[in-house]
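Have a look at the sequence and the model, then read on.

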Amino acid sequence: MWIENVQRLGGANVGVGFKPEHAEDALAGSHGVNFFEVHAENYMGEGGRPHRLLTELRSRYPLSLHGVALSIGASAPLDREHLARLKRLIDRYEPALFSEHLAWSTHDGVYFNDLLPLPYTAETLARVADHIDEAQEKLGVRMLLENPSTYVAFDGSAMSEVEFLREIVNRTGCGLLLDVNNVYVSAVNHGFEPMAYLDAFPMEHVGEIHLAGFAEDRDDLDARLLIDAHGTLVADIVWQLYRRTIARIGALPTLVEWDNDVPPFARLSAEAERAKKEMMAAIGPRRLAATELDCPVRQDVPQSHAGMSHVEPHGCAS
Amino acid sequence: MSSLMDAQADFAAALLSTATPVPDSIRGALRGRAERRFAVYRNNVAASLIEALADRFPVVRRLVGDEFFSAMARD
């Protein structure tokens, strides 16, 4: 089962964020979840129950390692010790995917447990590219960089988020993690058209998709302000954007995040199973056949574009 | 000092103190239109600090209750 699961990650596979309280149900296997994602920082201790569970999970399912604290957008240098801890995790678990965020979370030795926004300028671009180069070099894997949810924008931004991400990919060779919920949240918050954002997004570099639920508030002008809360079902509008994305680019590993007010495992896995159905419907019968029978990675891009290059999950089954 | 470093220093200072104004570099800040937006970040950071404190002092939290503990931590 392990071999089969690993070989199939890359195409029409769906995952959920792993929660320790779901361990029994997740490991029991009677669900449609194909892979699990964990936050790297939750596994930076040396041993104990977290690693026992993760080792067991990894023996049955492909893993996606999702970093939330590398602070790639910080003006200060990357934390070398944090990078070393990430390296140990990657060596130990050989995740099929590794991702981080276009954000910052540290300043002057203080760690803010949040993903903070960046001005999209030439200076930020150079800084972020240097940090990604350094991380990919040290970790020996390709990183997928995630588009953020943001609540404020900077007057000094000189380019759009999509232009910024495209240039980062050009400079570093990293891939992208497209969080469709984040696209919608930021689109509402900043008044841009989410379809236009997706149309401009460099889809050929996307190796994973995230879906999640948002919360809703009001800003200073009493306009809608969406919060990336990860505490509810995926919204209908986000499903629509997801179907449109998949119809355009084909099957991609898709993960449902649910980090607050975490529901029973059955509810979470049902949301992942819905993602699989939506993905299959959006691909259509012709492409579905190709996805199921042939190499799991999308047919229209080189294999190396779908995720990390040194791990076998993205190879064909042959 | 780089402008990115300046922007992050201002942002960080305003995150940790509600008495520090929303940084000028943020769109709408000068017209007072970014307060509620910036508050999302302030709240996220405050909530995570309270969570860290609660992990460190679980008995105190049990004794005084979640609500009081959070209010006390925010002070």
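Leaving aside neighbours within four places in sequence, which residues is A:V256 in contact with? They are A:V16, A:L211, A:A212, A:V234, A:L268, A:E271, A:A272 and A:A275, where a contact means two C-beta atoms, placed from the backbone, within 7 Å.

## Before going further

This is a predicted model, so local features need pLDDT of at least 70 and side-chain atom pairs count only at pLDDT 80 or more, while totals for chains, interfaces and linings use all residues. Residues are numbered from 1 along each chain as its sequence is written, with chains lettered from A and ligands numbered from 1 in the order in which they are written.

## The core

A:V256 belongs to the largest nonpolar core, which has 93 residues. Alongside A:V256, those with the most contacts inside this core are A:F36, A:L145, A:V180 and A:L211. Helix 10 of chain A (residues 265-293) brings the largest share, 6 residues.

A few terms: a nonpolar core is a set of buried Ala, Val, Leu, Ile, Met, Phe, Trp, Tyr and Cys residues joined through C-beta atoms within 7 Å. Buried means that 20 or more other C-beta atoms lie within 10 Å of a residue's own, with C-beta atoms placed from the backbone. Helices (H or I, at least four residues) and strands (E, at least two) are DSSP runs, numbered from the N terminus.

## The barrel in chain A

In chain A, 8 strands close into a barrel, in the order 1-2-3-4-7-8-9-12, with parallel pairing. From one strand to the next, the twist averages 30 degrees (axes are lines fitted to C-alpha atoms, and angles run from 0 to 180 degrees between N-to-C directions).

Take strand 3 (residues 63-66) and strand 4 (residues 97-101) of chain A: they pair in the parallel sense over 3 bridges, where pairing needs at least two DSSP bridges. Here A:L65 stands opposite A:F98 in strand 4.

Chain B has 4 helices and 0 strands. Its C-alpha atoms fill a box of roughly 45 × 25 × 15 Å along the principal axes. Of its 75 residues, 21% count as buried.

Note on methods
A residue is buried if 20 or more other C-beta atoms lie within 10 Å of its own, exposed if 12 or fewer, and partly exposed in between; C-beta atoms are placed from the backbone.
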